[in-house]
Amino acid sequence: MAAAVWTDRGRWTLRRILIGSRSNHTALKPCYDALIIGGGHNGLVAAAYLQKGGVKTAVLERRHVLGGAAVSEEIFPGFHFSRCSYLLSLLRPHICRELELKKHGLKVYMREPHSFTPMLEEGMKGAPPRSLTLGSDLAKNQDEIGKFSPKDAKAYPEFLAHLEKLATAIHPLLDSPPVDIRGVTAGSLRKRLAAAKTLMPVVKCGLKLGGNIPDFYEIITAPIMKVLTQWFDSEPLRATLATDGVIGAMTSPSNPGSGYVLLHHVMGELEKEKGAWGYVEGGMGGVSQAIAKAAQSYGVDVFTEKDVGQILVDSDGAAKGVALKDGTEIHSKVVLSNATPYVTFKNLTPKGALSEEFIKAIDQIDYTSPVTKINVAVDKLPNFLASPTPDDKPGPHHQCSIHLNCENVDILEAAYKEAKNGRPSARPMLEMTIPSVLDPTLAPSGCHVVSLFTQFTPYHIEGKEWTEQDREAFADTVFDWVEQYTPGFKTSVVGRDILSPPDLERIFGLTGGNIFHGSMSLDQLYLARPLPSLSDYRSPLKGLYLCGSGCHPGGGVMGSPGWNAALTVISDLKRHRKM
């Protein structure tokens, strides 16, 4: 399999993927209890729990590599990238424990510190430019923040405790399906009482919040800047924290709802550390491979390069299996789709099987994405003016999320407005990570892999499709800004892989390029994710379920949609005596 070609511009250009994670060698059977469309992490989790529950399951992945957006790919010879998603935090602890993912090869590198925000400024009296570094050591954090505002340094511990209290209260909602509104409000008393059990997570959440319910309401509805301005004065701190309110979302810190996005990104944990994010050894595909191995150990059949063309529907209007694009038909009692709701109902479900009213509602789901991901192979470690290190030796700040063009919130607002007007940002918000600093398996000795998660870029540039020239021009803009923070970066680049929103859609099946399978806005959360009629993972087509990030609790919460969907399917099969 040929791969990358050295161009006359002096860098590797992607031609075809080199290496992918292959499926097992089990032959595809003509019939299963359950078929799962898409071998992303949620589909694999659903498969594992279904098989554990006695449901014979197969996973059908379109690409040559498992994982959906959580994949590792050798894009350039010797350089292994987390090509789409790039950090781990929101994998639910009970899933990791119950599926024994560490036994199946999952290894995580913890990062300390967590974030580094260098300034573009002249240093005072020959000193380097200032920077803001935040980690798990509260005293060090206060020292760092105190360089910009002693008042903010004093307020920071209380802010963290406040945020953690709100985030922890949500946990019962993450690990349960939304309230069964139809069950609670209709049917026999017996059915209503049974459905009332779905209220318990909401009750637990409310009890945990207690007197903080008004604060919780504010943070999920308010612009993140309203919240941050109540706590802090210094721009570098507010801008650094605001990035978590807009990451992956086509929104600005001053837009309502951006507060919830911040909460969503701090509610996770890793190795029992609240809010921590880490690198998976070998890249994010390591998570998917561990889940796949766990699923296979229970008896799941996992297949790559099985491109589903259509969901089969019987004469009674129920899903009865799938047809691959090569014409192969596989039958099943139920079908679970790990694809986005748009792909599931617009591309895979036969026309006429769903009502026009339902399809119209599917068309209204917001998949807007601001993200262009750039994967970069470099032959030396970036050296930052704000925190220089000698002899290409990594410093602590190289481990973490490096926020560039985040000195103040006005930069983020301007970048957003340009994309909303149809143009890639001239000064984009950049989150740089260098996982090879901690994981030596990713790059040749002395070299590194760099991930640049950039915002804001539109799906169409002033109404037109992205061209190769547009991709290269935007990447050049990004590299020009990186160069200002770390001189010599551009000459160190030996290859780059540029993924605009349409590329993320085409390669990974992310409708609109949205990394969450649909925007994490208030009108698309909990009971309304992805639609009010779909919040229980069941579709209008009997026997067809959703199990991907387009369902509650949404993108990034690894495994929860798949786990919740699997439990729903098992319950339905038992109720209809199909097990």
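Figure 1. At 43% relative accessibility, P128 counts as partly exposed (buried means under 20% relative accessible area, exposed over 50%, and partly exposed in between, with a 1.4 Å probe and protein chains only). P128 is found in the loop that joins strand 8 to strand 9 (131-134). Helices (H or I, at least four residues) and strands (E, at least two) are DSSP runs, numbered from the N terminus. Although 260 residues separate P128 and P388 in sequence, their C-alpha atoms are 8.1 Å apart in space. The model is predicted: local features need pLDDT of at least 70 and side-chain atom pairs count only at pLDDT 80 or more, while totals for chains, interfaces and linings use all residues. Residues are numbered from 1 along each chain as its sequence is written, and side-chain values use heavy atoms, with hydrogens and water left out.

**Figure 2. The loop position of T304.** T304 lies in the loop between strand 13 (301-303) and strand 14 (308-313). With 7% relative accessibility, T304 counts as buried. V59 is 245 residues away from T304 in sequence, yet the C-alpha atoms of the two residues are 8.3 Å apart.

Figure 3. H94 belongs to helix 2 (residues 93-98). The relative accessible area of H94 is 10%, and the residue is therefore buried. When neighbours within four places in sequence are left aside, H94 is in contact with Y49, D175 and W563; contact means heavy atoms within 4.5 Å.

**Figure 4. The buried face of helix 7.** Helix 7 comprises residues 200-209, and P201, C205 and L209 are buried in it. Viewed down the axis of helix 7, these buried residues fall within an arc of 70 degrees, so they line one face of the helix. The arc is that of the directions from the helix axis to the C-beta atoms. An α-helix has 3.6 residues a turn, so residues three or four places apart point the same way. Helix 4 (150-174) and helix 8 (213-221) are among the elements that cover the buried residues of helix 7. After helix 7 comes G210, which has a positive phi near 55 degrees.

**Figure 5. The two sides of helix 8.** F216, I219 and I220 are the buried residues of helix 8. Down the axis of helix 8, they fall within an arc of 95 degrees, so they line one face of the helix. The face turned away from this buried side carries the exposed residues P214 and Y217. The cover over the buried residues of helix 8 includes helix 4, helix 7, helix 9 (224-231) and helix 11 (258-266).

Figure 6. The bond from E112 to P113 is cis, with omega near 5 degrees. P113 is located in the loop between strand 7 (108-110) and strand 8 (115-118). The bond from H552 to P553 is also cis, and its omega is near 5 degrees. P553 is located in the loop between strand 22 (544-546) and helix 19 (560-575). Most residues other than glycine have a negative phi, and most peptide bonds are trans.

Figure 7. D391, a residue other than glycine, has a positive phi near 55 degrees. The place of D391 is in the loop between strand 17 (371-378) and strand 18 (401-404). D391 has a relative accessible area of 65% and is therefore exposed. Y526 is not a glycine either, and its phi is positive at about 50 degrees. The loop that holds Y526 runs between helix 18 (501-508) and strand 22.

**Figure 8. The protein chain as the setting of the close-up views.** The chain has 19 helices and 22 strands. Along its principal axes, the C-alpha trace spans about 80 × 60 × 50 Å. Of the 579 residues, 60% count as buried. Among contacts with a separation of 6 or more, 71% are between residues 24 or more positions apart.
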